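Dear colleague,

Here is the structure I said I would pass on. My notes on it follow below.

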Amino acid sequence: MNTGKQKTLWVRFRSWIITLLVLLFLFEMFSSMIFFQKYGTAPLAIVQLIKKYTEKSVPQTLYHKMHILTRPDSSKQASIQIANEIWAANNYSYEPWLMFRVADYSSAYVNVTGFERKCSPSEFINPLVNDTIDIFFFGGSTMYGWNLSDAETIPSQLLNLYKQKYPNGKSVRIRNYGITYYYSKQELMLFSKLLFEDERPDIVIFMDGLNDFYPSRMLFHDRPYFAYAMQQVLDGRMFEKSRRTIVDSSEIFYLDVPGIPSSGYYENLFQKYLRHVKHGTELANHVGAKSYFVCQPVPFFNYPNNEQDPISHKDKSNRINFIYPLLRKQQDSLSNFLFLGDMLQNEKGFPFIDQLHYSPAFSGKIAENIFRKIEKDLTN
Amino acid sequence: MEQVKQDISAGKKILFIIISVLAFVVLIEGLLSVYFYRQNGGESLASMEMIRTIGSKLSNDKDLFVFEPWVEYKQHDGFSSAQGTPVSYLSEIPGDTLDIYFFGGANLSGIDTQFINQYKEKFPRGISARIHNYGSSHYYSHQELVLLANLIQSGHRPDVLVFLDGINDFLYGIPSYQRQSYFSFMFRQYFNSGLRSKGKFTFLDTANALTKTPDLTPNIEFSDSLISNYTSNLKNIRLLADMIGAKVYFFCEPSPYYQSAKTHQTFANAQDVFSRFDYIYPKLQQMQDSIPGFTYIGDIGGQNDFTSDGSYTPSLNRKVAEKILSKLSAVQIIGYRQNQ
C-alpha cells in the first residue's frame with residue numbers, strides 16, 4: 001500500500017512538473033512572439049525562415065566571372081585579385097557627425113585613407129603653368145568605385161582623359177570622396193566638414209541617384225545607412241553590458257513608406273534631392289568653387305538591354321521611373337546639372353560589373369561625359 | 001452511435017479545421033520566434049526581456065537622449081521643451097518677425113523665455129521676434145556648427161543667430177579637442193565592435209575621462225588647442241551665417257568652474273578642469289575685440305548663481321538674458337526700429 005501511495009504521489013508530482021514546464025515553455029514562446037519580435041527583420045518568424053532559405057547570394061566563382069567578363073584586356077589573375085581586395089576592404093568605421101566611412105585599407109589595387117579612395121593618377125602637374133585646379137568628387141559606391149581598382153574609378157579615368165587631351169594644360173589635382181552608401185545629404189555634410197577644415201576646392205562634382213532613390217528612405221527620413229544601428233545605441237539600452245548585437249534592419253530603406261501615396265512619396269524625394277542640389281550650389285558659390293551635380297545611370301531606367309544583360313539588376317523601379325523623367329527636365333533650368341540617366345539607352349556590352357555598379361569601361365564613359373561638362377573650367 | 005456522428009454539421013467541421021490550422025500556425029510561429037528572434041534579443045529569455053521592457057518604461061531616466069542624425073543625439077522632447085520650438089513675442093507693430101535661433105548647451109533652458117519676457121518689458125512696441133531654442137545637454141560650439149549646417153540644408157533661414165558657449169567646450173575637453181560628440185566613445189564602441197558582434201559585447205563606460213587633460217599633453221598646450229578649436233568653430237559659423245545673410249553673435253557664458261563659483265566643488269578631474277578654465281577664460285576676455293560678434297560674459301556669475309550640479313539659477317538666467325538683449329538692442333538687431 002505504502003509503495004502504491006508513494007507511486008501515486010510521484011506520478012502526481014511528475015505530472016505537475018511536466019505541466020509547469022509546458023506552461024513555462026508556452027509563456028516563453030508567447031513572450032518571444034511579443035517581446036523579441038522587434039529584433040527580427042521580418043514581421044513574422046515564419047517569413048524570416050522562408051527568407052533565410054530562399055535568399056540567394058552570388059557564389060564566389062560567379063562573382064569572379066563577372067570581374068573577368070568586364071575586364072577583357074586584363075589578366076584573369078588581376079581581375080580575381082581586384083575582386084578579392086574589394087571584399088576585404090568592405091569595412092566601415094565610425095565617424096563623428098557623418099556616422100561612418102569606409103575603414104582605412106591598403107593593398108595593390110584598393111586603397112582607402114580617411115574619407116578618400118585613392119586616385120591613380122591623383123594629379124597632373126605641369127611645371128610650366130602656375131595655376132592648379134583642385135577637383136573634389138563626391139558620391140556613393142559608384143563614385144567610390146565598388147568592384148573597381150583605384151585606376152578604374154571615375155575620377156582617375158577623368159584625369160587620364162584630361163592629360164591626354166591637354167598635355168600642356170593647367171595642373172589638376174583630384175580627390176575621390178565617394179563613400180559606399182553615401183547619399184546627397186551626407187555628401188553635403190562631408191563637403192561642409194571639409195570646408196570647415198579649410199579645404200577650398202575649385203570644382204566639386206556630386207554624382208547621385210542610386211542611393212537617393214533606391215534605398216530611398218535614407219533621403220526621405222534624412223537618416224544615413226547605419227542610422228538604425230546608432231539609434232539602437234541610444235534607445236534606452238546604452239548602458240547595458242550585454243546586448244548581443246545590433247539588429248540589421250537596413251532592408252527597410254529600400255521600401256516605400258507605408259501610408260503615403262506613391263506619387264506623393266516620389267515627388268517628396270524629388271524635391272528633397274533638388275533642395276540638396278540647390279544648397280550644394282549655394283555653398284560652393286559661397287566659397288568660390290564651381291559645382292556640378294550628376295544624375296547617374298541606373299539599371300532600372302531606360303535600359304532596353306537589361307533583360308539580355310547577364311549581370312545587371314532586373315527589378316523594375318516605379319519610383320525611379322517616376323523621378324528620373326522629372327530630373328531630366330532639370331537640365332534646362334539648372335546649368336550645373338548633368339542628367340546621365342539615359343546613358344544606358346544604347347548600351348549592348350557589359351555596363352555593369354555587378355547588379356548595380358559600373359564596369360571599368362562604362363565608368364570610363366561616365367568620366368567622358370563629366371569631363372565634357374567641366375572641360376571649359378579646366379581650360380579657361 | 002452513427003446518429004451522433006451525423007449530428008456534426010459541415011460548418012462545424014470547417015470551423016474545427018480552421019481553428020486547428022490557426023492553432024498549428026501559432027504554435028509554429030511561436031517555436032520559430034523562440035529560435036529566430038531570440039538570436040538578436042537583448043536578453044537570453046523573452047520573459048527577462050519583458051521584465052526589462054516594463055522596468056524601463058516605468059523608469060524616469062529612460063530616453064534622456066535620443067539619436068539624431070548629423071548631431072548624433074539630442075535631448076528627448078519630453079525632457080524639456082522640444083528642440084527648436086519657438087517662444088514668440090509678436091509685437092503690435094506690423095512688420096516682419098525676426099527669427100532668432102539660440103544655440104548652446106543645457107543652460108539655455110530658461111534663458112529663452114527670460115529673454116522674451118525682458119524684451120516685451122523693455123520694448124513693448126519693438127520688432128516682433130520668435131526665439132527658437134536649439135540648446136541641448138552636452139552640446140558645444142562644433143556640434144552647434146554642424147547643427148546649423150544641417151538646419152540650413154533643411155531650408156531654415158534664420159535672421160539672427162545667438163551662440164552661448166564655453167562650459168561644454170572647455171569642461172568636456174576631449175570631445176572638443178577631437179571634434180567629436182559627448183557620446184562618440186559609445187557610438188565608436190558599438191559601431192566598431194558591437195555592430196558586427198555575434199557574441200556577447202561588453203560596453204565600456206569612459207564618460208568620466210572626457211573632462212581629463214590627456215596624460216601626455218601639457219595643460220597649457222591642451223587649453224590652447226581648445227581655444228583654437230573654439231575660435232575656428234566661430235569662424236565657420238560666421239561662414240555659414242554670411243552665406244544665408246544672418247547676423248551672428250557669440251557669448252562666452254558664465255561657468256561654475258571659474259573664479260569664485262568653483263569653490264568647494266569636487267568631481268572627477270576637478271583640478272584639471274579648474275586650471276583649464278583659469279587659463280582659458282581670461283584669454284577669451286582678452287580676445288573679445290578681435291573676434292567679430294563676440295561678447296565675454298564669463299565673469300557675471302557668482303558663487304550663489306549656480307546650483308549644486310553647476311546649472312544656472314533663475315537669477316543667473318535673468319542676467320544672461322539681459323546681457324544678450326542688451327547686446328542685440330545696442331546693435332539695433334532688435335528693439336525699436338529707427339522710424340518708430
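Helix α9 of chain B covers residues 219–244, which makes 26 residues. From its first C-alpha to its last it reaches 38 Å, close to the 38 Å expected at 1.5 Å a residue. Just after α9(B), B:Gly245 has a positive phi of about 70 degrees. Please keep in mind throughout that this is a predicted model.

Next, the sheet in chain B. Six strands make up an open sheet with mixed pairing, in the order β3-β5-β4-β6-β7-β8. The edges are held by β3 (86–89) and β8 (294–296) of chain B; each has a single partner strand, so one side of each is left without a neighbour in the sheet. From one strand to the next, the twist averages 20 degrees. B:Phe251 has B:Thr295 in β8(B) as its bridge partner.

Several helices of chain B are involved with these strands. Helix α5 (residues 141–153) of chain B packs on the sheet, where it touches β4 (97–104) and β6 (160–165) of chain B. The direction of α5(B) makes about 145 degrees with that of β4(B). Helix α10 (residues 270–286) of chain B lies across β6, β7 and β8 of chain B and runs at about 130 degrees to β8(B).

B:Gln286 belongs to α10 of chain B. Is B:Gln286 buried or exposed? Its relative accessibility is 66%, so B:Gln286 counts as exposed, the cut-off being over 50%. B:Tyr296 is 10 residues away from B:Gln286 in sequence, and their C-alpha atoms are 9.0 Å apart.

Helix α4 (residues 111–122) of chain B has 12 residues, which should span 16 Å at 1.5 Å a residue; its end C-alpha atoms are 16 Å apart, in agreement. Its buried residues are B:Ile111, B:Asp112, B:Gln114, B:Phe115, B:Ile116, B:Gln118 and B:Tyr119. These buried residues of α4(B) pack against β3, β4, β5 (128–133), β6 and α11 (314–330) of chain B.

One residue of chain A is also worth a look. A:Glu95 sits in strand β1 (residues 92–95) of chain A. With 12% relative accessibility, A:Glu95 counts as buried, since the cut-off is under 20%. Apart from neighbours within four places in sequence, A:Glu95 is in contact with A:Phe100, A:Arg101, A:Phe115 and A:Lys193, and also with B:Glu72 of chain B.

Regards

Definitions and conventions. Residues are numbered from 1 along each chain as its sequence is written. Chains are lettered from A and ligands numbered from 1 in the order in which they are written. This is a predicted model: local features need pLDDT of at least 70, side-chain atom pairs count only at pLDDT 80 or more; totals for chains, interfaces and linings use all residues. Side-chain values use heavy atoms; hydrogens and water are left out. Helices (H or I, at least four residues) and strands (E, at least two) are DSSP runs, numbered from the N terminus. The expected span of a helix is 1.5 Å times one less than its number of residues. Two strands pair if DSSP finds at least two bridges between them. Axes are lines fitted to C-alpha atoms, for helices over the stretch in contact, and angles run from 0 to 180 degrees between N-to-C directions. Contact means heavy atoms within 4.5 Å. Buried means under 20% relative accessible area, exposed over 50%, partly exposed in between (1.4 Å probe, protein chains only).
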